[in-house]
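Me: I have a model open and want to learn how to read its features. Can you walk me through it?

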Amino acid sequence: MRYNSTRNSGADVSAAAAIARGISPEGGLYVPADMPRLSDADFDALRGADYAGRARLILSRFLTDFTDGEIADSVAGAYTGGRFDDDQPAPLVQLEKGVHILELWHGPTCAFKDLALQILPHLLTRSAKKMGDGKKTVILVATSGDTGKAALEGFKDVPDTEILVFYPEDGVSPMQKLQMTTQEGANVFVAAIRGNFDDAQTGVKKIFTDPAVGEKLAAHNMAFSSANSINWGRLVPQVVYYVSAYCDLVNQGADLSDGFDVVVPTGNFGNILAAYYAKCMGVPIARLVCASNANNVLTDFLTTGTYDRNRQFYTTISPSMDILVSSNLERLLYHMTGRDDKKVSGWMQALSDTGRYTVDGDIADRLRELFWAGCCDDTETKAVIREVYEKKGYLCDTHTAVAVGVYEKYKQQTGSGRPAVIASTASPFKFAASVLDALAPDKAQGSEFEMVDKLHEATGWKIPGPLAGLKGRTVRFDTDCEREHMLDVVYNRLGIR
């Protein structure tokens, strides 16, 4: 398996190179040159395997320059040994007949990013060794909340790595902020920026693609890589849980004669893109439902064909989705254009220059056939949390609730009767204040941990151990900066002048 770049089809690199570099030199994202297909025998094997076994098979099709032993060791290091509740990283829970919740938050940081960021350090360190340049890897991350903590937890004290995380000062929940700023590990660093996630992401990409910065790091025997979903090593593990969900549906006897729908609360487009890749591999996903919050740039794009980030930015109760520039959409467009790097590069340049672009009419039509898109604002999201809990006894976080709300709109407008899998991306206790406000507004006051306790008392749902363990932890990081000064922060942390 070789990898091309979305902005340079002539790029031809190994999986190890794609993972070690994170982003292509011209700013494009690495994608597989060919999409592997799963055979009937493969699906038989997958249905009989546990999650780790499913991960080994799927990853082996994409990471062909890794040995079976390297993949097996990486998978074991990520998904076994109690890192996830009951060693079940992605359990499928029935919400109602024909509708299942894919719970992706049973890992060490209580968010779906754990499923990729527990294995990425194993893949990245092995990739760096295969590249053989002996440089220290500097992981640079922009986060809207969950990626940062999951990356910090995954890379803490990993030899020959340094990880720096930037988050928007007022754009994460108090629990997310506390998770990051109290992070342990000698090789970790966290800083807030005065701006939103798009500012952080733009700043990180600018640092990544500046040749002078790369040369300066190389002079100090260092090289950048990424733990954001722009890194293929972050994205490919996410394909596994959609394949796994399909296997679980089959094992439970679901009627999949017409396929099934997948609903994903979406910000940077990586999670739903992983579902698209699973579909390309042969998983019978009928429709991909893209759920947005008030920052509904993806809803508008998937329904009109015009991407326009020139709009008001909303700080919502589902902060991991507060994004107006969805990086992974570039990968989808590359595939939809038949790998036309010039066309994709033109659109990305237009987005940078003017904040908008419009895809060709035939591509817009194909996107509408493949995706259905909708959105929920905060008022709707809170109503969904309350209704789902009162009627079905299930407690949603603020992102999962967006997905459930959009799924209801999808069913009403399309009449789809297919089974559905809704991705649940975070524990409700990560956003206790907002969830409690939806259920019992009169109780939604006090400190973060007081509201966590109140949510537990009101619902009987167990507080995840990793969140309960934050109480009383000392804050280690209080750096903040303007976006323009992010590079100075990086140099200072790395001891480069």
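Reply: Aspartate 50 counts as exposed, at 51% relative accessibility. Buried means under 20% relative accessible area, exposed over 50%, partly exposed in between (1.4 Å probe, protein chains only). This is a predicted model: local features need pLDDT of at least 70, side-chain atom pairs count only at pLDDT 80 or more, and totals for chains, interfaces and linings use all residues. Residues are numbered from 1 along each chain as its sequence is written, and side-chain values use heavy atoms, without hydrogens or water.

Me: Where is aspartate 50 placed?

Reply: Helices are DSSP runs (H or I, at least four residues), numbered from the N terminus. Aspartate 50 sits in the loop between helix H2 (40-47) and helix H3 (51-62).

Me: Is leucine 217 buried or exposed?

Reply: Leucine 217 is buried, at 0% relative accessibility. Its place is helix H10 (residues 211-219).

Me: How many disulfides does the structure hold?

Reply: A disulfide is a covalent bond between the sulfur atoms of two cysteines. The cut-off here is a pair of cysteine sulfur atoms within 2.5 Å. The structure holds zero disulfides. For cysteine 375, the nearest cysteine sulfur, that of cysteine 376, is 7.0 Å away. Cysteine 375 is partly exposed, at 24% relative accessibility.

How values were computed
Helix = DSSP H or I, 4+ residues; strand = E, 2+ residues; numbered from the N terminus.
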